[in-house]
Amino acid sequence: MSDASPRLALPFIQPGQAQKELFHNEALALVDGLLHAAAEAGPTAAPPAAPAAGQCWIVAASPTGAWSGHGHALAMWTDGGWRFAAPVPGMLVWNKAAAHWLYWGGTAWSSGEVPAAKLVVGGQQVVGNRQPAVPSPSGGTTIDAEARAAVAAVIVALRSHGLID
């Protein structure tokens with residue numbers, strides 16, 4: 001049997017193990033920081049000067065001080081000191097300072113970007129995959145300047161939102 005869970009490396013209690021409560025409490029401390037994770041800020045290279053119990057940060061790629069050697073991890077401050085958890089692909093953490101999600105793609109944190117195939121609101125798809133470019137209106141025998149301007153404005157709006165090329 002392994003010493004820790006395969007995904008989040010939570011410590012397991014082993015048969016015949018002394019002081020089982022220490023391992024159980026360690027696992028609970030990590031679960032407390034990882035379940036619906038919310039970071040104060042990040043990615044940040046240096047630990048804060050006066051963290052409060054229950055606060056969490058996203059550690060930068062090249063951290064310093066007490067965070068050294070824990071690049072990209074979630075750093076959680078507890079009554080017992082720093083606890084670190086390595087991110088797993090697909091992990092989302094709420095960034096309190098920036099008020100948006102951080103997404104771990106496997107090699108780096110994306111700030112404010114969450115990959116998705118589509119966006120559904122009220123059961124209706126409102127955004128899907130990016131569509132091919134739409135040409136601006138041109139040609140024709142009768143030129144309606146107002147209609148052409150309106151169509152051009154719609155195309156500009158779709159391009160500026162990234163919905164078409």
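**Strands, hairpin and cores**

Reader: How many bridges pair β6 and β7 in the antiparallel sense?
Author: Two strands count as paired if DSSP finds at least two bridges between them. The antiparallel pairing of β6 with β7 goes over 3 bridges.

Reader: Good start! What kind of model is this?
Author: Residues are numbered from 1 along each chain as its sequence is written, and side-chain values use heavy atoms, leaving out hydrogens and water. Local features need pLDDT of at least 70, side-chain atom pairs count only at pLDDT 80 or more, and totals for chains, interfaces and linings use all residues: this is a predicted model.

Reader: Which are the edge strands of the open sheet?
Author: The open sheet has 4 strands, in the order β1-β5-β6-β7, with mixed pairing. An edge strand pairs on one side only, and that is the case for β1 (38-39) and β7 (109-111).

Reader: And from the N terminus on, in what order do the elements run?
Author: Helices (H or I, at least four residues) and strands (E, at least two) are DSSP runs, numbered from the N terminus. The protein has 2 helices and 9 strands. Their order is α-β-β-β-β-β-β-β-β-β-α.

Reader: Why is the protein called more spread out than a compact globule?
Author: Its C-alpha atoms fill a box of roughly 90 × 35 × 25 Å along the principal axes. The globule rule is 2.2 Å times the number of residues to the power 0.38, and the radius of gyration is taken over C-alpha atoms. For 165 residues the rule gives 15 Å, so the protein is more spread out because its radius of gyration is well over that, at 24 Å.

Reader: How many residues lie between β3 and β4 in their hairpin?
Author: β3 and β4 run antiparallel, joined by 5 bridges. In one of them, W77 has W82 of β4 as its partner. The hairpin formed by β3 and β4 leaves between them 2 residues.

Reader: Is T78 buried or exposed?
Author: T78 sits in strand β3 (residues 74-78). Buried means under 20% relative accessible area, exposed over 50%, and partly exposed in between (1.4 Å probe, protein chains only). With a relative accessible area of 14%, T78 is therefore buried.

Reader: Which residue's backbone oxygen does the side chain of T78 reach?
Author: Leaving aside residues up to four places away in sequence, T78 touches A29 and R83, where contact means heavy atoms within 4.5 Å. The side chain of T78 also comes to 2.8 Å from a backbone oxygen, that of G81.

Reader: How many residues of strand β4 are buried?
Author: Across the protein, buried residues make up 25% of the 165 residues. Strand β4 (residues 81-85) is mostly covered, and its buried residues number 4 of 5.

Reader: Which element gives the most to the largest nonpolar core?
Author: A nonpolar core is a set of buried Ala, Val, Leu, Ile, Met, Phe, Trp, Tyr and Cys residues joined through side-chain atoms within 4.5 Å. The largest has 17 residues, and those with the most contacts inside it include L34, L74 and W109. The elements giving two or more residues to this core are α1 (20-34), β2 (56-58), β3 and β6 (100-104). With 3 residues, the one that gives the most is α1.

Terms used:
Polar contact = N/O pair within 3.5 Å; in protein donor to acceptor, adjacent residues only side chain to side chain.
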